[in-house]
Amino acid sequence: MAMQKTVSRAGYEKLQEEREYLVTVRRKEVAQKLKEARSFGDLSENAEYDEAKNEQAILESKINELELLIANAIVVEDDEISTDEIGVGSIIKIKDLELNEIENLQIVGTTESDPKNGKISDESPIGKAALRKKVGDVFEVEAPAGILKFEVLEISR
């Protein structure tokens, strides 16, 4: 049973684009590699053929994974994102109470996670702890460095 994942509309479209690219472009490229490798003769000692077969298996596995994600995605439309409490899609401003630092983050589904660009997964420690919090709430996150405390300053979409 595949897990349902929550994704934004943009994240969902990105999954579909990636699947489309793999199916239309990469499949042809890999099939061409296989065809060329076959032309080198004896398949039992043909490293190119083995490599192309392996690449094909990885590609098909990735396509299956994307198709499962797409089929089980729960798409959150932009206008459904609450500004009252934190959920997937929320853009939040939180304050680290110990360091007195303010961070702007967006809570996204795991497939869209990009911490360097401030997009954290709803399954990450901070993302999970922030879910369903409201402005003014303080929440704690257990991190390797100890307990971190954050205050929710703002929620937008």
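Visitor: Which residue in β7 stands opposite Val141?
Guide: Leu148 in β7 stands opposite Val141. This is a predicted model, with residues numbered from 1 along each chain as its sequence is written. Local features need pLDDT of at least 70, side-chain atom pairs count only at pLDDT 80 or more, totals for chains, interfaces and linings use all residues, and side-chain values use heavy atoms, without hydrogens and water.

Visitor: Why are β6 and β7 called paired?
Guide: Strands (DSSP runs of E, at least two residues, numbered from the N terminus) pair if DSSP finds at least two bridges between them. β6 and β7 have six, in the antiparallel sense, so they qualify. They form a hairpin, with two residues between them.

Visitor: What makes β3 and β7 a pair?
Guide: Strand β3 (residues 91-96) and strand β7 (residues 146-156) share six bridges, again antiparallel. Asp96 stands opposite Phe150 in β7.

Visitor: Which strands stand at the edges of the sheet?
Guide: The open sheet has five strands, ordered β5-β4-β3-β7-β6, with mixed pairing. β5 (119-121) and β6 (138-143) each have a single partner strand, so one side of each lacks a neighbour in the sheet. The twist averages 45 degrees from one strand to the next.

Visitor: How are α1 and α2 judged: roughly parallel or roughly antiparallel?
Guide: Helices are DSSP runs of H or I, at least four residues. Their axes are lines fitted to C-alpha atoms over the stretch in contact, and angles run from 0 to 180 degrees between N-to-C directions. The axes of α1 and helix α2 (residues 47-72) come within 9 Å and cross at roughly 160 degrees. Over 145 counts as roughly antiparallel, and α1 and α2 are therefore roughly antiparallel.

Visitor: What classes of residue make up the contact of α1 with α2?
Guide: It has 14 nonpolar, two polar and 12 charged residues. Ala, Val, Leu, Ile, Met, Phe, Trp, Tyr, Cys and Pro count as nonpolar, Asp, Glu, Lys and Arg as charged, the others as polar.

Visitor: What makes a pocket a pocket?
Guide: On a 1 Å grid over the protein atoms alone, it is an open set of points where a 1.4 Å probe fits, with protein on both sides within 12 Å along at least five of seven lines. Lining residues have an atom within 4 Å of a point. The largest pocket is lined by 16 residues, with Ser8, Ala10, Gln106, Glu112 and Lys119 nearest its centre. α1 (9-38) and β4 (101-108) each give two or more.

Notes. Parallel < 35°, antiparallel > 145°, perpendicular 65-115°, else oblique.
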